[in-house]
Amino acid sequence: MSESTFCFPLDDLADARPRRVALIGSTGSIGTQGVEVIAGAPDRFEVAALAGGANLGLLARQAVASRAGAVGAAAGTVDDLARAIDEAAEAAGERGYRPELFAGPDAAASIAGWEGADVVLNGITGSIGLAPTLAALRAGHLLALANKESLIVGGALVKDCARPGQIIPVDSEHSALAQALRSGGAGEVSKLIVTASGGPFRGRTRDDLAAVTPEQALAHPTWDMGRVVTTNSATMVNKALEVIEAHLLFDIPLDRIEPVVHPQSVIHSMVEFVDGSIMAQASPPDMRLPIALGIGWPHRVPGAAHPVDFTSAASWTFEPLDEDTFGAIRLAKQAAAASDTHMAVYNAANEEAVEAFHERRIGFLDIVDTVDAVVGEYDAGTVAGAELTVESVLAAEAWARNAARNRLGEM
Ligand SMILES: NC(=O)C1=CN([C@@H]2O[C@H](COP(=O)(O)OP(=O)(O)OC[C@H]3O[C@@H](n4cnc5c(N)ncnc54)[C@H](OP(=O)(O)O)[C@@H]3O)[C@@H](O)[C@H]2O)C=CC1
Ligand SMILES: CC(=O)[C@@H](O)[C@H](O)COP(=O)(O)O
Ligand SMILES: [Mn+2]
C-alpha cells in the first residue's frame, strides 16, 4: 500500500496505557455519560476516582462497578459513604473493595487532585467547581472541563494555573471550536461563531416570558441536561457564559465572538478564518462525543457517538439572536470588560436567582433582571480589591450572593 501524500498530524500519538480518569460530579448528567464513555472504551480509559454530591446510592454503585481507587461525597460523612459502598458491594456480590474515601465540602477537590488520575472530568454544576478545577490543574492532571462556571469565575486565576493545553473543553460549543481550530494557526482566525439552540422560548417576546413556568423552562428542545444549565439555556445566560468561556479558552477578543441561533443543535460552533473559510463541527446533539474527545484529547474515540445520517432529509437553519428580549449576553460582555471579578458576581447572582425561580419565588424575567441589578451595584475595588486571588473571587461571590438574596427576598 502506498503512503498517503497528506500528513495526518495525530496518527502516531497513541497512549501506551489506558488513561486514568477522575470524574467530578459523577452522578450528574455529564458524570453518568462520562462513566458510560469510559465503560465503552476500556482500551482507552479506566475510572480512577469518583466524586459526587448527595446521591450516595448511585455514587456507591458507580464505585463498586468501576472499582475506583478513591471516592468522595460532598454530603454526609466518611462513615455514611463507607456504608453506602458496603451495601452496593453486597448487592453486586463484590468482596474486598476498599477505596480511599473523602467526605464533606472539600471532597471533590481532594478527588480532583488525587494522585492516581491522569485526567479529571469536571462535571460539577456551579462555581463550587472552582476548587476542583484548581486542584486538578495544580496536581498537573489534564482537565476535561464541562464545569464552565469555574473558568468564568476564576478567569485569569484559572488560566495562570494551567500549562498550555492542560484544559480541554467539554462544553459542546467549545469542543467544536477546539476541533475547528485544528484547521489553522492563531493568526489565521478571524471570528468564533458560537451556536445557540435558542432554548424553549426562541421567538417569544419579553411580554410572553413574564409568566413562563419552571416546567416550561426545563423543556429544552434538543438537549437533556441538569437543571441549572437547562434553565440557563432558556434565559441565554448559558450562551453568555459560553461567549466568555470561548474568550478565556482561545484568547479571542469578545468583539470577535458571535452567537448565532441554530435550533437543530447539530452544528456545535464554527471558526471563521481570514480567507473567508468557515470550519463547522457537526454531530447530532450527544455529549458523549465531546466527553470522549475531552478525556482522550487529542485522540478520537471510535464509536463514541452516532454521526449525522444524511440518508434522510434534514435542514440546518440559522437566525440572529434576539438580544433585546434576551439581554444576558450583552450584560456578560459588559461585566467581563469591567473587572476580573465581575463575572464571578454575574454567575453567583444568576445561581441564586435560578434557585429562587425554581422555588417559584420569582418570575422568569426576574432571573436576568436580578443579575443585571446585582452586577450594576457591584464595586470591585471595595469588595474584592485590586489583586486577583482565590480570596478576592470568593469575596466577590459572597457579596453577590448576599446582594442577590436581599433583592430576591424583597420580591
Ligand atoms: N449536561 C450537559 O449536557 C452539559 C453540561 N455542561 C456543564 O457541565 C456541568 C454539569 O452539568 P450537569 O451534568 O448537567 O449537571 P447535573 O446537575 O446533572 O449534575 C451535577 C453534579 O454535580 C454534583 N455535585 C453537586 N454538588 C457537589 C459537590 N459539592 N461536590 C461534588 N459533586 C457535587 C451532583 O451530585 P449529586 O447529584 O450526587 O448531588 C451531580 O453529580 C455544568 O457546569 C454544566 O453547565 C456543559 C455542557 C453540557
Ligand atoms: C450541550 C451543551 O453544551 C449545552 O451547553 C448546550 O449548548 C445548551 O444549549 P443552548 O444552545 O440552548 O444553550
Ligand atoms: Mn454548551
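**Cavity, pocket and metal site**

Trainee: How many nonpolar, polar and charged residues are there in the lining of the largest cavity?

Mentor: The model we are looking at is predicted, and among the residues that line its largest cavity are Ser172, Trp223, His268 and Asp286. When the residues of this lining are sorted by class, they divide into five nonpolar, six polar and one charged.

Trainee: How much space lies in the largest cavity?

Mentor: Rolling a probe the size of a water molecule over the atoms shows where empty space is left. When the whole structure is searched in this way, one cavity of 30 Å³ or more is found. The space in the largest cavity comes to about 50 Å³.

Trainee: Which element gives the most residues to the lining of the largest cavity?

Mentor: Two helices, H8 and H13 (288-296), each supply at least two residues of this lining. The element that gives the most, with four residues, is H8.

Trainee: Which residues are the closest to the centre of the second largest pocket?

Mentor: The second largest pocket has a volume of about 610 Å³. Of the 23 residues that line this pocket, those closest to its centre are Gly165, Ile167, Leu249, Phe250 and Asp251.

Trainee: Which elements give two or more residues to the lining of the second largest pocket?

Mentor: By class, the lining of the second largest pocket has 15 nonpolar, four polar and four charged residues. Looking instead at where the lining comes from, the elements that give two or more residues are strand S7 (167-169), helix H8 (172-181) and helix H12 (237-250).

Trainee: Which residues are the protein donors of the manganese ion (ligand 3)?

Mentor: Along the sequence, the donor residues follow the spacing D-x1-E-x68-E, and the protein donors lie 2.0 to 2.2 Å from the manganese ion. Through their OD or OE atoms, the donors are Asp171, Glu173 and Glu242.

Trainee: How many residues apart are Asp171 and Glu242?

Mentor: Asp171 sits in the loop between S7 and H8, whereas Glu242 belongs to helix H12, so that this pair links distant parts of the chain. Both Asp171 and Glu242 are buried.

Trainee: What is the geometry of the site of the manganese ion (ligand 3), given its six donor atoms?

Mentor: To count as octahedral, six donors need opposite members over 155 degrees apart and all other angles between 65 and 115. The angles among the six donor atoms here run from 64 to 164°. The site of the manganese ion is therefore classed as irregular.

Trainee: Is Ala135 buried or exposed?

Mentor: Ala135 lies in helix H5 (residues 130-138), and its C-alpha atom is separated by 9.1 Å from that of Ala108, 27 residues apart along the chain. The cut-off for the buried class is under 20% relative accessible area. Because the relative accessibility of Ala135 is 18%, this residue counts as buried.

Trainee: What is the relative accessible area of Ala305?

Mentor: Ala305 has its place in the loop between H13 and helix H14 (328-338). Although Ala305 and Arg288 are 17 residues apart in sequence, their C-alpha atoms are 6.2 Å apart in space. Ala305 is partly exposed, because its relative accessible area is 21%.

Trainee: How far apart are the end C-alpha atoms over residues 167-250?

Mentor: UniProt, in an unreviewed entry, lists residues 167-250 as "domain: 1-deoxy-D-xylulose 5-phosphate reductoisomerase C-terminal". Over these residues the chain is 49% helix and 13% strand, and the distance between the end C-alpha atoms is 11 Å.

Conventions: Residues numbered from 1 in each chain as written. Chains lettered and ligands numbered in written order. Predicted model: local features only at pLDDT ≥ 70, side-chain atom pairs only at ≥ 80, totals over all residues. Heavy atoms only, no water. 1 Å grid on protein atoms, 1.4 Å probe; cavity = no way out; pocket = protein on both sides within 12 Å on 5 of 7 lines; lining within 4 Å. Points joined across faces, edges and corners; volume = space filled by probe spheres on them. Nonpolar A, V, L, I, M, F, W, Y, C, P; charged D, E, K, R; others polar. Donors = N, O, S within 2.8 Å, 3.2 Å for Na, K, Ca; no water. Tetrahedral: all angles 85-135°; square planar, octahedral: opposite > 155°, others 65-115°. Buried < 20%, exposed > 50% of the residue type's maximum accessible area, 1.4 Å probe, protein only. UniProt positions renumbered as here; feature names shortened; annotations may be inferred.
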